[in-house]
Amino acid sequence: QVRLVESGGGLVQPGGSLRLSCAARGSLIGMNAMGWYRGAPGTQRELVARITRDMDTNYADSVKGRFTISRDNAQNTVYLQMNSLKPEDTAVYYCGADFYGIRRWGQGTQVTVSS
């Protein structure tokens, strides 16, 4: 059983910053890439940022230069530092972790960017 526990969402003004955290717990054998995805509940989630165990990263074009993904393999935790937030970044952010090609999901955390 795998659990992904997310934290750090909230309401922030445009131009502000937030940091999301996701801790993986349980049977983690075979866990490789971890990442952050966003979308509205019930809709297709888009990739925001992803990081492998070897620390290779990739980002959506819309967040490059503003968001930074990092990972602590010893703590099985992934972080997303979000700076210069825009209203269009508003979404539910989901943590995802890949196990032998299967992606497990967290419950999601709401990020709202509004004045």
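Okay, hi everyone. Before anything else, keep in mind that this is a predicted model.

Let's start with charges. How many salt bridges does a search of the whole structure find? It turns up 6. I'll walk you through some of them.

Take aspartate 98 and arginine 50. They form a salt bridge, and their closest N and O atoms are 3.1 Å apart. Now look at where the two residues sit: aspartate 98 belongs to strand β9, residues 91-99, and arginine 50 belongs to strand β5, residues 46-51, so this pair ties together parts that lie 48 residues apart in sequence. Is aspartate 98 buried or exposed? Buried counts as under 20% relative accessible area, and aspartate 98 has 10% relative accessibility, so it goes down as buried. Arginine 50 has a relative accessible area of 26%, so that one is partly exposed.

Next up, arginine 66 and aspartate 89. Their side chains meet in a salt bridge with an N to O distance of 2.8 Å. This pair links distant parts of the chain too: arginine 66 is in the loop between β6 and β7, while aspartate 89 is in the loop between β8 and β9, 23 residues apart. Both of these residues are buried. And there's a network here, where salt bridges that share partners join Arg38, Glu46, Arg66 and Asp89.

Then there's aspartate 61 with lysine 64, whose side chains form a salt bridge at 3.1 Å, N to O. Aspartate 61 and lysine 64 are both exposed.

Okay, on to strand β11, which covers residues 109-113. Which residues make up its covered face? Those are Thr109, Val111 and Val113, and the uncovered face has Gln110 and Thr112. As for its neighbours, β2 runs parallel to β11, with 3 bridges joining them, while β9 runs antiparallel to β11, also with 3 bridges.

Last stop, threonine 77. You'll find it in strand β8, residues 77-82. Its relative accessibility is 7%, so threonine 77 counts as buried. What does it touch, leaving out residues up to four places away in sequence? That would be Cys22, Ala23, Ser70, Arg71 and Asp72. A polar atom of the threonine 77 side chain also lies 2.9 Å from the backbone oxygen of glutamine 75.

That's my tour, thanks!

Terms used:
Residues are numbered from 1 along each chain as its sequence is written. This is a predicted model: local features need pLDDT of at least 70, side-chain atom pairs count only at pLDDT 80 or more; totals for chains, interfaces and linings use all residues. Side-chain values use heavy atoms; hydrogens and water are left out. Helices (H or I, at least four residues) and strands (E, at least two) are DSSP runs, numbered from the N terminus. Buried means under 20% relative accessible area, exposed over 50%, partly exposed in between (1.4 Å probe, protein chains only). A polar contact is a pair of N or O atoms within 3.5 Å; within protein, one must be able to donate a hydrogen and the other to accept it, and residues adjacent in sequence count only if both atoms are side-chain atoms. Contact means heavy atoms within 4.5 Å. A salt bridge is a side-chain nitrogen of Lys or Arg within 4 Å of a carboxyl oxygen of Asp or Glu. Two strands pair if DSSP finds at least two bridges between them.
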